[in-house]
Amino acid sequence: MKKMKTKILVTGTAGFIGYHLATKLLEKGHTVIGLDNINDYYDIGLKFNRLKETGIQKADIAYNTLIQSTKYPSYSFIQLDLQDKTAIDKLFSEQQFDIVVNLAAQAGVRYSLSHPEAYIQSNIVGFFNILEACRSYPVKHLIYASSSSVYGSNTKMPFSTEDMVDHPISLYAASKKSNELMAHTYSHLFHIPTTGLRFFTVYGPWGRPDMALFIFTKAILEGKEIDVFNNGMMQRDFTYIDDIVEGIMRVMEHPPIVNADPPTPLKKGDDWKSERHHFDTPYKIYNIGNNNPVQLLDFIACIEDELKIKAKKRMLPLQAGDVPDTYADVSDLMKDLGYKPETSVRTGIKKFLEWYLGYYK
């Protein structure tokens with residue numbers, strides 16, 4: 001990506017990861033258009049404040065209207081729903097994007113149990129509209145957010161992108177697996193370079209209020225009990241936001257390419273997952289995780305240490321849709337891009353708490 005010559009669409013820029021990515025791209029001098037529907041899944045005040053940090057004022061926002069940032073000359077924002085196919089097509093037609101990073105989605109495993117329709121509309125219909133727009137108005141690279149949840153009930157650790165992921169245990173996970181299948185189809189048929197990123201438990205400043213670190217911090221400071229699922233016997237590959245953003249930016253610069261060499265014919269016993277089966281499809285999947293799972297009780301202990309307050313814990317069984325452990329194999333990321341997330345949980349929690357205490361002072 002050459003400075004100021006790449007026009008990038010980032011969807012979900014009022015959200016956690018989208019806000020951080022847009023900010024970093026702008027600091028690097030890229031031209032960015034941010035998009036978000038600003039739904040009320042969680043506190044929209046937090047979403048508007050993220051936008052404000054990038055020079056987008058709440059009073060100026062109107063649906064399907066492109067507005068200019070007061071902070072970054074190369075940044076514009078549009079409030080738009082990915083389900084609005086006509087408006088999405090118009091945006092792509094007018095802007096002619098080089099790269100699209102689709103981070104907009106209905107998030108949350110537990111919310112998918114009570115609001116399944118939101119996941120079909122946002123994560124499947126919305127993503128279909130992005131794919132169709134990339135087909136009609138070709139882009140150099142489409143990057144999209146998948147999730148570690150696609151590994152479902154897999155027990156082999158660490159999770160590898162070579163593992164089968166045909167047994168999701170939540171509709172959220174199923175919608176993300178669907179995105180990967182849809183992207184592969186469009187890459188194969190229309191040669192759209194697509195890369196899916198399976199994120200592992202992202203956390204950090206400006207994070208989502210529905211995630212564990214946010215929930216635990218708020219409850220501990222208010223002297224309330226925290227719910228500890230699976231009696232604390234679960235592990236998560238917690239990944240700091242800056243590491244996620246660095247991974248996305250490296251991936252952006254390396255779209256998957258079509259292998260010009262014909263595939264070697266399969267022999268009996270060959271692995272059907274071999275790269276040779278995708279020689280004509282510019283498609284790739286990466287895990288982005290810390291490659292270092294942390295026990296939930298140890299994670300809570302780090303928060304207690306930093307706040308110097310003991311948490312009141314309510315031990316509960318594993319919840320429907322949850323998995324006991326996540327652990328990312330990032331060998332492909334290291335081999336292809338020379339990158340591996342390295343921020344420790346203690347460092348990441350400290351940075352989050354500094355932001356949280358300042359934001360909610």
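**Entry 1: Asn-287**

I looked up the side chain of Asn-287 and found a polar contact with the side chain of Tyr-151 at 2.8 Å; a polar contact is a pair of N or O atoms within 3.5 Å, where within protein one must be able to donate a hydrogen and the other to accept it, and residues adjacent in sequence count only if both atoms are side-chain atoms. The model is predicted, so local features need pLDDT of at least 70 and side-chain atom pairs pLDDT 80 or more, while totals for chains, interfaces and linings use all residues. Residues are numbered from 1 along each chain as its sequence is written, and side-chain values use heavy atoms, without hydrogens and water.

I noted that a polar atom of the Asn-287 side chain also lies 2.9 Å from the backbone oxygen of Phe-159. Is Asn-287 buried or exposed? Asn-287 is buried, with a relative accessible area of 2% (buried is under 20%, exposed over 50%, partly exposed in between, with a 1.4 Å probe and protein chains only).

I placed Asn-287 in strand S12, residues 283–288 (strands, E, have at least two residues and helices, H or I, at least four; both are DSSP runs numbered from the N terminus).

**Entry 2: the lining of the cavity**

I then listed the residues that line the largest cavity, among them Leu-82, Ser-122, Phe-127 and Lys-176 (a cavity is a set of points on a 1 Å grid over the protein atoms alone where a 1.4 Å probe fits but cannot get out; lining residues have an atom within 4 Å of a point).

Helix H5 (116–136) and helix H6 (171–190) each supply at least two lining residues. H5 gives the most, with four residues.

Notes: On a 1 Å grid over the protein atoms alone, a cavity is a set of points where a 1.4 Å probe fits but cannot get out, and a pocket is an open set with protein on both sides within 12 Å along at least five of seven lines; lining residues have an atom within 4 Å of a point.
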